[in-house]
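Subject: Structure handover

Hi there,

Here is the structure I promised to pass on to you. Have a look at it first, and my notes on what turned up follow below.

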Amino acid sequence: MKSIPMEQLGQAIRQHGLVRFVEHFAKEFPNAHLKDMVVDGLGPNREMEVQGREVINFGSDSFLGLDQDPRVQDAVARGVRQWGTHNGASRAFASVRANEEAEEKLAQWLGTEEVLIYPSVTLANMGAIPGLVSRRDVLVVDEHAHNSIQEGAKIAQANGVRLAIFRHCDPGDLTSVLRAAAPYRAAVVAIDGVYSMTGALPPLAELNQVCLNHNAVLYVDDAHATAVMGRQGRGTVFDQLGSFDNVLVAGSLSKGFSCFGGFVGCPRDFKLLLKVRSNTFIFGGPVPPPYLEAICVVCDILASPEYEILRGRLDRNVHRLAEGARRLGLAVLGGEHPIISILVGDEEATLSAGHFLFEHGFYVQSVTFPAVPYHGGVLRIQVNSNHAPDAIEGLLGALAELQAEIPLPGPESVVLHAA
Ligand SMILES: Cc1ncc(COP(=O)(O)O)c(C=O)c1O
């Protein structure tokens, strides 16, 4: 039983465009929707039991397969024994020693002076971004930056910060936007290191040069690059820019790391500034200590020669899939990063394509508006190190069969999509 105000609240929420959109698709295409799934079991090579069916999961960000690594699993178990399941206090009061150790190890591996861990990248972006700028400053955001950057920007704007948006990955437009915003006391430009719906990489060097020319600091959300891009998996920034001098970098501990949390890498004095200015750090709880133990273990793996073996396996899988999909004449977005998207276009066709693959034993995420532009639906394939080559070939075979069922755009559409 719901009270009348509760009924009215539900009706009000249902008037929101996005809710109407989602409810419409769930009603019209109940089988094709494949959202909000419940997974009943997992295997070591991304086998997944869902809705009574075993499929190969191509929807995991655990790119290196470290979630299945006994050393990482043992670290979590050891952490539970040492620290309990949770220490139950904001880090504004106290942090367990494992937190300090994890931050030190992360900074050493990454190459920044300091690292501050948050419970997720979302909470890092929603805490650090509004914390970095205030009334006399300017915040400039790539139009396609991750939702959590956009949400952080909204908080900053509500606090009186001037917010401007620049065209996706366009250094020329960033120049114009920063020129138009001057004069300002300080400026932060926030972008993604890897655009997670398409695997697209921004022109980091050009964007950083524009920032330097206009007295702005670059904030790069490298969530999808952490542990899989750059030397030893340090992400996109260091390899492309040679330093973190003008960059604050956010990274993920939940994707390639297979642990839990997010972090911001920063100069020494910024660690305290971020602690004091990030409301999500002060008013929320921390990463549970067992995961901090696991983060330390993963840092050691990434910094060791073993990284090249894991990354090599991932690389071979990525190339096998990207090349195979191109040979089929599909519109393949990305290919340098383990997220590879196949353009479908229409929303209904995208959901049906995902459902077709599921029926053939492969789960990939069908992504539609608003995560991608309207009529820009994609099949988002997340390739992992522990996918067997046969699984990749199987998915390519299913994509070939899909082409016979649903007309899919050809490679020429990639250019149009990028525009
Ligand atoms: C660029 C980017 N930032 C942030 C996030 C959210 O990360 P988290 O799950 O740690 O909040 C994602 C998730 O996919 C992402 O792609």
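The ligand is surrounded by 13 residues, and the closest are Ser120, Val121, Thr122, His146 and Ser196; a residue counts here if its C-beta atom, placed from the backbone, lies within 6 Å of the molecule. By class, this shell holds nine polar, two nonpolar and two charged residues. The classes put Ala, Val, Leu, Ile, Met, Phe, Trp, Tyr, Cys and Pro under nonpolar, Asp, Glu, Lys and Arg under charged, and the others, Gly among them, under polar.

Please keep in mind that this is a predicted model: local features need pLDDT of at least 70 and side-chain atom pairs count only at pLDDT 80 or more, while totals for chains, interfaces and linings use all residues. Residue numbers start from 1 along each chain as its sequence is written.

On to the domains. The assignment for the protein chain gives domain 1 (27-57 + 306-418) and domain 2 (69-303), with bounds that come from an automatic or database domain assignment. Taken over C-alpha atoms, their centres are 28 Å apart. Domain 1 brings 18 residues to the contact and domain 2 brings 14 residues, where two residues are in contact if their C-beta atoms, placed from the backbone, lie within 7 Å. On the domain 1 side, helix H13 (306-327), strand S12 (339-345) and strand S15 (377-382) each supply at least two residues, and H13 gives the most, with four residues. Helices (H or I, at least four residues) and strands (E, at least two) are DSSP runs, numbered from the N terminus. That side of domain 1 divides into ten nonpolar, four polar and four charged residues.

Next, the helix pairs. Helix H5 (residues 121-132) and helix H6 (residues 147-158) pack at about 30°, with axes 8 Å apart; the axes are lines fitted to C-alpha atoms, for helices over the stretch in contact, and angles run from 0 to 180 degrees between N-to-C directions. H5 is therefore roughly parallel to H6, since angles under 35 degrees count as roughly parallel, over 145 as roughly antiparallel, 65 to 115 as roughly perpendicular and the rest as oblique. Residues of H5 in the contact include Val121 and Thr122, both of which are also among the residues closest to the ligand.

Helix H7 (residues 171-181) packs against helix H8 (residues 204-213) at an angle of about 15°, with the axes 9 Å apart, so H7 and H8 are also roughly parallel to each other. Pro171, Leu174, Thr175 and Leu178 of H7 meet Glu206, Leu207 and Val210 of H8. These residues divide into five nonpolar, one polar and one charged.

For helix H3 (residues 70-83) and helix H12 (residues 289-303), the axes come within 7 Å and cross at roughly 140°. Their contact has twelve nonpolar, one polar and three charged residues.

Finally, some backbone details to look at. Most residues other than glycine have a negative phi, and most peptide bonds are trans. The bond from Ala182 to Pro183 is cis, with omega near 0°, and Pro183 lies in the loop between H7 and strand S7 (187-192). Another cis peptide bond joins Phe369 and Pro370, with omega about 10°; Pro370 is in the loop between strand S14 (365-367) and S15. Gln51, which is not a glycine, has a positive phi of about 50°.

Best wishes
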